[in-house]
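This report covers chain composition, helix packing and selected residues. The sequence and the model come before the discussion.

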Amino acid sequence: MTRRDAESPTPPDALRPTRRDAARPTRRDAARPTRRDALRPTRRELVAGTAVVAALALAPAAAAADPADLERLERLLALEQRLEAAYQAALDRDAIDRGLGEMLLAHEREHVRALEQVLAALGRRAPQAGVRAPGIGMALASRGAFARFAHELEREAVAAYTDALATLRRDGLLQPLGSIMAAAAQHQVALRQSVGQALLRGVA
Amino acid sequence: MPLVQPRPTRRGALGGAAALALASCGGGDPPPVEGPRAGSGAGLLSSIVALENAAVAAWAAIGEALAGEARRQAGAIRERELIHVERVGELVRRLGGEPPEGRSAEEYARMFPRLSGEETALRFAGDLEEQLVRAYLDALRSLPDEEQRRVAAEIAAEEAEDLAVVHVLAGDQAAPSPFVTGTQ
């Protein structure tokens with residue numbers, strides 16, 4: 001640590017106050033949201049999502065793609081395509097609550113679209129979705145089975161994103177990919193909640 | 001005219017946490033003669049430890065304002081933040097530095113907004129977790145070492161889970177957005 005660091009450390013952006021002063025009202029007292037409400041993104045979510053997709057699309061333009069980075073991105077895309085297919089299959093077979101399933105499917109489609117745009121910007125044709133995830137047949141037998149199956153897929157995705165974030169050479173992709181990883185982590189909580197499991201792993 | 005307790009604002013909460021974290025980062029002590037080299041990531045990691053120390057104290061305060069299952073979840077999240085303090089602190093030690101210690105509960109309490117009940121407590125909790133997610137995602141760009149980035153990514157995912165729990169406790173969807181940036 002330099003002398004300057006010790007005397008006046010620069011805090012991460014997170015520590016700087018934001019411009020939003022008004023407390024955000026919760027939706028707790030509102031009428032129970034309809035399925036359409038659940039799917040309709042808020043304006044803030046639309047802005048955040050657009051910013052993330054734009055960042056992903058623009059980031060590779062600065063330099064040639066590293067082959068190892070391309071492979072990592074293709075693997076992430078394959079995992080997202082697998083999740084998209086899984087949620088669609090679950091909806092088709094009523095193996096997931098419709099509102100939850102449609103929301104998670106919508107999220108995965110956003111993730112797929114974002115990664116496809118990145119690969120396209122890097123000059124790599126996005127691979128088509130492959131075979132379905134092994135074990136999905138049995139997973140569709142019940143909502144509990146599917147929730148566990150999808151939870152494992154989401155966990156695998158988080159692990160893959162963690163690995164990519166640690167090793168990617170393209171700094172511009174780190175935060176956008178991190179935001180997708182964080183969403184996958186939240187999907188796990190949603191899936192645990194859907195079957196009455198503890199919201200946090202390791203907590204009874 | 002009756003004295004009205006001002007509603008806790010996000011700026012107030014974050015400003016308090018920010019002041020707290022900065023105060024925990026070294027203050028007026030002379031710089032160490034030996035220690036982490038410039039550009040090692042130690043400064044940023046130490047800032048994150050300070051933020052996590054504040055988060056530990058914040059979750060204790062949040063838990064006090066909650067009841068039942070919500071209080072139990074607050075306790076669980078506080079335990080997770082303690083683990084984060086240790087994990088990031090260990091990264092600082094590996095670089096030859098000493099992670100900042102937390103302040104007393106009383107000192108933190110003076111900087112936090114007044115949590116008059118469950119709603120204000122969960123609002124504070126949501127803002128806190130958003131900022132923690134943002135801090136770790138922001139750190140990814142600046143941390144020079146692969147292991148540092150791996151730890152930051154893992155903890156970012158855990159903070160996102162904690163944020164999802166706060167959503168649930170507030171009666172909202174656990175995962176409302178396809179992209180969790182920490183700027184909601």
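Two residues are in contact when heavy atoms lie within 4.5 Å.

## Basis of the model

This is a predicted model, in which local features need pLDDT of at least 70 and side-chain atom pairs count only at pLDDT 80 or more, while totals for chains, interfaces and linings use all residues. Residues are numbered from 1 along each chain as its sequence is written, chains are lettered from A and ligands numbered from 1 in the order in which they are written, and side-chain values use heavy atoms, with hydrogens and water left out.

## Chain composition

Helices (H or I, at least four residues) and strands (E, at least two) are DSSP runs, numbered from the N terminus. On this basis chain A has 8 helices and 0 strands, giving the pattern α-α-α-α-α-α-α-α along the sequence. Chain B has 6 helices and 0 strands, with the pattern α-α-α-α-α-α.

Burial is assigned by relative accessible area: buried is under 20%, exposed is over 50%, and partly exposed is in between, using a 1.4 Å probe and protein chains only. Of the 204 residues in chain A, 45% are buried; for the 184 residues in chain B the figure is 59%. Among contacts in chain A between residues at least 6 apart in sequence, 75% join residues at least 24 apart. The corresponding share in chain B is 80%.

## Helices 4 and 7 of chain A

Axes are lines fitted to C-alpha atoms, for helices over the stretch in contact, and angles run from 0 to 180 degrees between N-to-C directions. The axes of helix 4 (residues 67-92) and helix 7 (residues 143-167) of chain A come within 10 Å and cross at roughly 165°. That makes helix 4 of chain A roughly antiparallel to helix 7 of chain A; angles under 35 degrees count as roughly parallel, over 145 as roughly antiparallel, 65 to 115 as roughly perpendicular and the rest as oblique. The crossing of these two helices is left-handed, a term that applies if the near helix is turned anticlockwise from the far one by less than a right angle, with clockwise giving right-handed.

Residues of helix 4 of chain A in this contact include A:Arg72, A:Leu76, A:Leu79, A:Leu83 and A:Tyr87, and those of helix 7 of chain A include A:Phe146, A:Phe149, A:Leu153, A:Ala157 and A:Tyr161. By class, the contact of helix 4 with helix 7 of chain A has 14 nonpolar, 1 polar and 7 charged residues. Here Ala, Val, Leu, Ile, Met, Phe, Trp, Tyr, Cys and Pro count as nonpolar, Asp, Glu, Lys and Arg as charged, and the others, Gly among them, as polar.

## Helices 5 and 6 of chain B

In chain B, the axes of helix 5 (residues 118-142) and helix 6 (residues 146-169) come within 9 Å and cross at roughly 160°. Helix 5 and helix 6 of chain B are therefore roughly antiparallel to each other, and helix 5 of chain B passes helix 6 of chain B in a left-handed crossing.

Helix 8 of chain A covers residues 174-194; at 1.5 Å a residue, its 21 residues should span 30 Å, and its end C-alpha atoms are 30 Å apart, which agrees. The expected span is 1.5 Å times one less than the number of residues. Of the 21 residues of helix 8 of chain A, 18 are buried, so this helix is largely enclosed by the rest of the structure. A:Gly196, with a positive phi near 70°, follows helix 8 of chain A.

A:Gln186 lies in helix 8 of chain A and is buried at 1% relative accessibility. Leaving aside neighbours within four places in sequence, A:Gln186 is in contact with chain B residues including B:Leu163, B:His167, B:Pro176 and B:Val180. B:His167 sits in helix 6 of chain B and is buried, with a relative accessible area of 15%. Not counting residues up to four places away in sequence, B:His167 touches A:Gln186, B:Asp172, B:Gln173, B:Ala174 and B:Pro176.

## Loop residues of chain A

A:Asp94 is found in the loop between helix 4 and helix 5 of chain A. Its phi is near 55°, a positive value in a residue other than glycine, and at 48% relative accessibility A:Asp94 counts as partly exposed.

A:Gly135 is in the loop between helix 5 (98-121) and helix 6 (136-139) of chain A, and is partly exposed with a relative accessible area of 47%. The C-alpha atoms of A:Gly135 and A:Phe149 are separated by 8.1 Å, with the two residues 14 apart along the chain.
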